[in-house]
There are 2 protein chains.
Amino acid sequence: MAVGPASFPDMPAIEGLRLGTARAGIKTAGRRDLVVIEVPQGAAVAGSFTRNAFCAAPVTVAREHLAECTLKGAAPRYLVINTGNANAGTGETGLRDARATCAELAGLAGVEPSSVLPFSTGVIGETLPMDRLLGGLPEALRSLDQGAAGWTAAGEGILTTDTRPKGASVTVELGDETVTLNGISKGSGMIKPNMATMLAFVATDAAIAPGQLEALLREAVDRSFNCITVDGDTSTNDACMLIATGRGARVDDEHRLAVFRDALQALMIELAQAIVRDGEGASKFVSLQVDGAMTRQEALDVAFTVAHSPLVKTALAASDANWGRILAAVGRAPVADFDVERVVIDLGEVRLVEGGGRAPGYTEAAGSEVMAREEIPIRIDLGRGEASATVWTTDLTRDYVAINADYRS
Amino acid sequence: MAVGPASFPDMPAIEGLRLGTARAGIKTAGRRDLVVIEVPQGAAVAGSFTRNAFCAAPVTVAREHLAECTLKGAAPRYLVINTGNANAGTGETGLRDARATCAELAGLAGVEPSSVLPFSTGVIGETLPMDRLLGGLPEALRSLDQGAAGWTAAGEGILTTDTRPKGASVTVELGDETVTLNGISKGSGMIKPNMATMLAFVATDAAIAPGQLEALLREAVDRSFNCITVDGDTSTNDACMLIATGRGARVDDEHRLAVFRDALQALMIELAQAIVRDGEGASKFVSLQVDGAMTRQEALDVAFTVAHSPLVKTALAASDANWGRILAAVGRAPVADFDVERVVIDLGEVRLVEGGGRAPGYTEAAGSEVMAREEIPIRIDLGRGEASATVWTTDLTRDYVAINADYRS
């Protein structure tokens, strides 16, 4: 089950950036499960990683190698991603395996091991089948391709229990030059049934200074991947990487920066929303917009309290405009000196709550009409400030429980 | 579905404290839905109420009246509780109705309206059917009874969608006198399908100064009702009241205070656990003990992060010893400078995690054996301090979603 139509765009090439895949048999024979991304020399690479204290071995090694590259004033040359096994909760063995993967690929490609960043997603707590993984690397290198076929294969090769690949592409005009941004993502719960979750790889041909790239990535992650939730669980392996090859237009003045920033955020929001639409058991795509907060953090706190409420999520699954549950969730959000009389809650174009209770004129028929849709916008105005935030989530269905309780059977 | 055997004790009388009920037809004809508790003169009464900013009208009025009594150096004389309607999200009408209920009962009983505290539980957002509610008060007063029958009827009369009444009674010796504590509670989610949740009424014949009673209640609530969670949702109507009639032994020295405190905490933990055992769709009763924390708050933060994880809860429903999910939940708890290498996780007598990954010697067979039980103890040692906390929760089953998504159909 997923919300909305599936579509994976034909990505234009980003010159010099090539993607290769292999069927290494890491967990399942015959499926694409190993991806290599080749980054051209002279690029800049920024990364954003999980904050889970139990981060997986590849996250530790990717962070280390990225820092080493930065110290040398260079960028990583290869990203290697395996699915089927998260290499998480694997202790020293896991770190050794992640480093060995980088060393093997570095040897085959003729670069330093620290120029390779490893990523894993899949089952937690099992060691990587290193023979099969390393054995797949030559095939992945042989198939490196900078065209649409490379992106499509890579989009498939990073999936775990996703029901469909997730890709997005935009182009923007900077002066008389065209800049391309391509991205792929995977994930369908904040953490999967024993699977490690969300990965995203975004590349552009724009030329951007490394420090600026880092700042742009951080801001875009905060507005996209950090604003989605399926079940509130943060994975051990989450990572989002942004590669700028530098062969295209330079993003070097305020106007160009603004245009590029908007395009990047739009692309990453599309990739993030694709994860929610493919959320485990999801039958609804819900936008939760909170306005009138004192700070953006306050708006986010309220939005996530509502988005994580099992009672709100089950009401959404039932297409029931149960405003009492939304109101109760807003009321328990961590907001100081909250005047509930000023809160207004709208479901699409229908006013649900004002003045501390059900809005006058509200009818269950009107609420049910909006709730029956696949895409449901909820807007909560706290009436106490100017800050806003939007988060995207799904409903909580029997299928979610079935997927997460029965996945071994 | 509920976990463990149902049992409601034969409560001994607490002299002067009487309980009466009526079938007022508030929501469903023929069911006991109105309860009056008569408090003898000279008693002390303490209350603990929901922190939800959208608190219900009866909570506002009960707080006001309790404060008025305290100002006058007296205690409330009557508690009136209706089920079937929470009188929450009802604005000014709701406040007027709660006050009118107090005034009517006060008139019938010959006391001041501020000597009456109102409590409601049931559907949110509908106004009380005042004719039927007020019409039931004479019957409730006529049936006032200080014996076991009064307690049993009251235990039934406060239920909403609970599958069984919840009561507990203990006696302790203070010197050569016996002190009795009786209590009843209701609730089966932290908030029900459109229902407002948790109520508890505890009475004792001990003689305790009001300030001390307040402190004892606050501490006991923190160790009992504030340590349970079914779905993380806090209701608009939660309340816990503690009545000390003062006709029995005096709790007036350190030894007596310690004995009474232990008895009160044990009683309230039993009443709180009864709510978890009757949790919506629950098939497991889970004790989550966190040790080795720097502070109790830190221990609670970790325990609740695990207890609220949908992935942990669905694994529990599946009797799957999925230690990766527990580890990932511990890792995302809000704890600063967390050294995951020091974390130890035990499932009953089986060690699941140590040294940042699966414990050596752990087998899935051993884990599954513990997970198959109805009562599951999980112990997490953070290895960084001396503080501990225990919370109690349930699994997340298909029945939970069915109850909460389909309750209108």
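What covers the buried residues of helix α2 of chain B includes β2 (34–38), α1 (57–71), β4 (78–85), β5 (116–123) and α3 (130–142) of chain B. Here buried means under 20% relative accessible area, exposed means over 50%, and partly exposed is in between (1.4 Å probe, protein chains only). Helices (H or I, at least four residues) and strands (E, at least two) are DSSP runs, numbered from the N terminus. This is a predicted model, in which local features need pLDDT of at least 70 and side-chain atom pairs count only at pLDDT 80 or more, while totals for chains, interfaces and linings use all residues. Residues are numbered from 1 along each chain as its sequence is written, chains are lettered from A in the order in which they are written, and side-chain values use heavy atoms, with hydrogens and water left out.

The buried residues of α2(B) are B:Gly94, B:Leu95, B:Asp97, B:Ala98, B:Thr101, B:Cys102, B:Leu105 and B:Ala106. An α-helix has 3.6 residues a turn, so residues three or four places apart point the same way. The helix runs over residues 91–109 of chain B, and at 1.5 Å a residue its 19 residues should span 27 Å; the expected span is 1.5 Å times one less than the number of residues. The end C-alpha atoms are 28 Å apart, which agrees. Just after α2(B), B:Gly110 takes a positive phi of about 70°.

Chain B also holds a salt bridge, defined as a side-chain nitrogen of Lys or Arg within 4 Å of a carboxyl oxygen of Asp or Glu. The side chains of B:Arg18 and B:Glu38 meet in this way (2.7 Å, N to O). B:Arg18 lies in strand β1 (residues 18–22) and B:Glu38 in strand β2 of chain B, so the pair ties together parts that are 20 residues apart in sequence. B:Arg18 is partly exposed at 31%, whereas B:Glu38 counts as buried at 12% relative accessibility.

Chain A is assigned domain 1 (18–277) and domain 2 (285–405), with bounds that come from an automatic or database domain assignment. The C-alpha centres of these domains of chain A lie 33 Å apart. Between them, domain 1 and domain 2 of chain A bury about 1,300 Å², 57% of it on carbon and sulfur atoms; buried area is the accessible area (1.4 Å probe) that two parts lose on being put together, summed over both. In domain 1 of chain A, A:Cys227, A:Thr229 and A:Arg277 lose the most area to domain 2 of chain A, together 37% of what that side buries. The count between the two domains of chain A is one salt bridge. A:Arg277 and A:Glu375 meet in a salt bridge through their side chains (2.4 Å, N to O).

Over all chains, the count comes to 36 salt bridges. A network of them links A:Asp291, A:Asp346, A:Arg351, A:Glu354, A:Arg379 and A:Asp381. Within it, A:Arg351 pairs with A:Asp346, the closest N and O atoms being 2.7 Å apart. A:Arg351 counts as partly exposed at 36% relative accessibility, and A:Asp346 as buried at 9%.

Another salt bridge of chain A joins the side chains of A:Arg373 and A:Glu349 (2.9 Å, N to O). A:Arg373 lies in the loop between α10 (364–371) and β15 (375–381) and A:Glu349 in the loop between β12 (344–347) and β13 (350–354) of chain A, so the pair ties together parts that are 24 residues apart in sequence. A:Arg373 is partly exposed at 28%, while A:Glu349 is exposed at 56%.

Notes:
Contact means heavy atoms within 4.5 Å.
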